[in-house]
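This report describes the fold of one protein chain.

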Amino acid sequence: MGETLGTLGSAMAAFMFLWAMFQQYVPRDLRHHIEKYYQRLVKYFYPYNEITVNEYSRDRFTRNEVYTAIETYLSTNNAVQAKRLKADTAKNNQSLFLTIDDQQEVEDEFEGANLWCASIISNPGTPTSHMYGYSNEKRHYRLTFHKKHRDLITKKYLHHVLNEGKAINSRTRQRMLYTNQEWMWSSVVFDHPATFQTLAMEAEKKREIIEDLISFSRAKEFYARIGKAWKRGYLLYGPPGTGKSTMIAAMANLLHYDVYDLELTAVRDNTELRRLLIQVPSKSIIVIEDIDCSLDLTGQRKKKEKVKEPTEEEEKDPNKKQGKGEDAEQGKTSKVTLSGLLNFIDGLWSASNGERLVVFTTNYIEKLDPALIRRGRMDKPIELSYCSFESFKVLAWNYLLLEAHHLFDKIEILLGEIKVTPADVAEHLMPKTIEPDSETSLESLIQALEMAKKEAALKTKEEEDKEESKSAIEDE
């Protein structure tokens with residue numbers, strides 16, 4: 001045994017010596033020709049083909065759909081073969097989902113053809129390369145199979161894996177809530193319980209919105225036929241506390257879409273905005289809440305300030321003049337423009353990924369620039385207004401499990417006389433004792449409504465008195 005190892009070691013040392021001499025003394029052109037013919041020789045005798053599937057595309061913007069499908073497919077069907085696995089929670093946190101760890105290889109069989117799939121990582125553990133936190137680590141899958149099965153693998157197997165991976169992923173994956181950091185997204189599990197059934201809204205309006213959403217999700221061929229990008233815009237507007245955020249959660253739960261909550265004030269410029277939005281995949285809702293407060297995107301556009309003439313002191317000392325310009329630049333935390341946002345909503349970039357919803361929310365629709373909310377950008381405006389009696393009945397069932405009560409008639413009258421948000425109504429219906437008492441909760445709501453009615457009447461009277469005083473002064 002010792003003699004065999006010694007002989008092997010000597011042979012390896014001799015090979016390394018000859019290889020070093022070859023690299024150093026053989027001219028580059030000759031070396032290139034030798035290597036080319038060597039590769040041909042290896043190809044002739046080596047009976048296997050390889051396919052590499054990278055995790056990200058060249059621009060690193062989007063994750064490769066085929067890579068994700070292979071990862072899901074192999075982890076479900078072949079994970080038992082791997083010695084090292086990674087564990088994560090599956091849908092609803094009720095079970096574990098095992099995936100193959102890096103640098104592991106598993107075997108698969110398809111219609112009599114054997115193939116081997118290895119999970120490869122290059123530059124493992126390398127530090128980030130720039131301020132955005134981009135890592136040099138690169139992952140890919142390498143599929144190896146006999147060359148006689150080339151057509152079977154490329155024409156049937158890969159399509160089979162892609163379809164199976166997508167189906168498994170839709171059954172097991174958690175819906176996620178994303179938020180932006182620089183030009184990258186970070187995520188948490190999206191576990192909001194809101195549904196259209198629990199939403200405090202008129203039944204007819206709910207039905208209309210649900211039909212619109214489901215119709216959109218099934219309209220891939222229709223959008224392709226009419227030549228439009230498969231996306232739809234919703235504008236949710238109304239006073240604070242009327243359920244705009246809850247509506248978004250109900251939309252996501254209905255369609256099983258991920259939510260991408262875009263904070264525009266954290267985006268540096270239009271290029272960074274484009275990088276963020278191009279990463280958003282299909283079956284997603286892009287949300288910009290309180291759009292009227294996001295940068296200079298409202299109808300109240302800033303007038304250009306008049307250019308001030310430099311003072312004598314500034315003329316003598318140009319550094320002071322330059323310092324003012326630098327201070328102004330530093331004060332601008334974001335350079336995202338209205339045109340940059342509009343270009344992605346309905347410009348050429350809007351077709352980068354299909355089946356996406358764009359949802360804006362605002363408390364003050366009158367402040368928004370008309371270019372932002374016209375048809376084709378915000379296709380369906382939805383007003384979420386004050387609590388009606390029909391909305392109250394939904395809340396009464398949600399909180400108190402009541403379909404009828406002798407106090408409902410009085411509440412209906414009061415809700416017709418004053419404006420109160422569903423959030424305010426829900427606060428009074430919320431049980432505040434260990435043993436819920438529906439009578440107490442309804443009486444608390446009635447007292448609050450009566451108090452609000454008195455305050456509204458008093459405010460109206462004060463305004464009328466002011467108008468009378470103003471008229472009297474003008475007459476004098």
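## Overall make-up

Among contacts (heavy atoms within 4.5 Å) in the protein chain between residues at least 6 apart in sequence, 70% join residues at least 24 apart. This is a predicted model, in which local features need pLDDT of at least 70 and side-chain atom pairs count only at pLDDT 80 or more, whereas totals for chains, interfaces and linings use all residues. Residues are numbered from 1 along each chain as its sequence is written, and side-chain values use heavy atoms, with hydrogens and water left out.

The protein chain contains 16 helices and 13 strands; helices (H or I, at least four residues) and strands (E, at least two) are DSSP runs, numbered from the N terminus. Of its 476 residues, 35% count as buried, where buried means under 20% relative accessible area, exposed over 50%, and partly exposed in between (1.4 Å probe, protein chains only). The chain exposes about 30000 Å², of which carbon and sulfur atoms supply 53%; accessible areas come from the Shrake-Rupley method with a 1.4 Å probe, and for residues only the protein chains shown count as cover.

## The four-stranded open sheet

An open sheet of 4 strands has the order β1-β6-β5-β4, with antiparallel pairing; two strands pair if DSSP finds at least two bridges between them. β1 (48-54) and β4 (104-110) are the edge strands, each with a single partner strand, so one side of each has no neighbour in the sheet. From one strand to the next the twist averages 25°.

Within this sheet, β5 (residues 113-122) and β6 (residues 138-146) pair over 8 bridges in the antiparallel sense, and A118 stands opposite R142 in β6. Helix α3 (residues 65-77) lies across β1, β4, β5 and β6, at about 70° to β6. Axes are lines fitted to C-alpha atoms, for helices over the stretch in contact, and angles run from 0 to 180 degrees between N-to-C directions.

## Strand β7 and its partners

β7 pairs with β8 (residues 184-189) in the antiparallel sense over 6 bridges, and S187 is the bridge partner of Y178. Their hairpin has 2 residues between the strands, and E182 takes a positive phi near 55°.

β7 also pairs with β10 (residues 258-261), here in the parallel sense over 3 bridges. The partner of T179 in β10 is D261.

## Nonpolar cores

A nonpolar core is a set of buried Ala, Val, Leu, Ile, Met, Phe, Trp, Tyr and Cys residues joined through side-chain atoms within 4.5 Å. In the largest, of 28 residues, F196, L213, M247, M251, I285, L357 and V359 touch the most other members. At least two residues each come from α5 (203-217), β9 (231-237), α7 (244-255), β11 (284-288) and β12 (356-362), and α7 gives the largest share, 7 residues. Apart from this core lies another of 27 residues, among them L273, I286, F344 and F360.

In helix α11 (residues 338-346), the buried residues are L338, G340, L341, L342, F344 and I345. Their cover includes β9, α8 (270-278), β11, β12 and α12 (370-373).

## Cysteines

The whole structure has 0 disulfides (pairs of cysteine sulfur atoms within 2.5 Å). C293 is exposed, at a relative accessible area of 57%, whereas C387 is buried at 3% relative accessibility.
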